[in-house]
Amino acid sequence: MLTSSFDITNISNEKTIVYIISGLSSYSNSLIPLFVSQIFESENLYSHNRKVLNVILDDFYNMLPIKDVANMFNYSRSLHIRYTVVIKSFNDLLNVYGKE
């Protein structure tokens with residue numbers, strides 16, 4: 001049986017690094033956007049010390065779209081969440097999220 005001490009509600013209160021390797025599995029590609037959204041919601045609800053949280057999203061264009069990502073990125077600034085989004089080309093980003 002596997003156990004973990006990872007607590008998403010405490011992610012920015014102590015030094016934490018989470019690596020998620022997507023690979024070829026459609027399961028991981030579905031879970032990564034959900035995990036990113038959960039980090040945002042957790043910081044919005046539970047973070048009290050407001051340390052800067054850095055989130056690096058490599059191959060962003062290959063992930064399933066994150067619901068309301070533009071508003072999430074904008075609001076995240078007030079929560080001290082900094083996103084670094086890595087894309088191959090602007091056209092790939094447009095294919096996933098459209099022009100808006």
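1. Helices (H or I, at least four residues) and strands (E, at least two) are DSSP runs, numbered from the N terminus. On that basis the chain has three helices and two strands. Their order from the N terminus is α-β-α-β-α.

2. The model is predicted: local features need pLDDT of at least 70, side-chain atom pairs count only at pLDDT 80 or more, and totals for chains, interfaces and linings use all residues. Residues are numbered from 1 along each chain as its sequence is written, and side-chain values use heavy atoms, with hydrogens and water left out.

3. Strands β1 (residues 53-57) and β2 (residues 81-85) pair in the parallel sense, over five bridges. Pairing here requires at least two DSSP bridges between the strands. Between β1 and β2 the chain passes through helix α2 (residues 69-76), and this β-α-β crossover is right-handed. Right-handed means that, with the strands pointing away from the viewer, the path from the first strand over the helix to the second runs clockwise. L57 stands opposite V85 in β2.

4. Which residues form a nonpolar patch on the surface? They are F6, V18 and I20, with about 240 Å² of accessible area together. Areas come from the Shrake-Rupley method with a 1.4 Å probe; for residues, only the protein chains shown count as cover. I20 lies in the segment before α1 (26-46).

5. Of the 100 residues of the chain, 26% count as buried. The C-alpha trace spans about 40 × 35 × 20 Å along its principal axes. The chain exposes about 7500 Å², and carbon and sulfur atoms supply 55% of that area. Buried means under 20% relative accessible area, exposed over 50%, and partly exposed in between (1.4 Å probe, protein chains only).

How values were computed. Patch = residues over 30% accessible without salt bridge, like charges linked within 9 Å, V, L, I, M, F, W, Y side chains within 5 Å. Salt bridge = Lys/Arg side-chain N within 4 Å of Asp/Glu carboxyl O.
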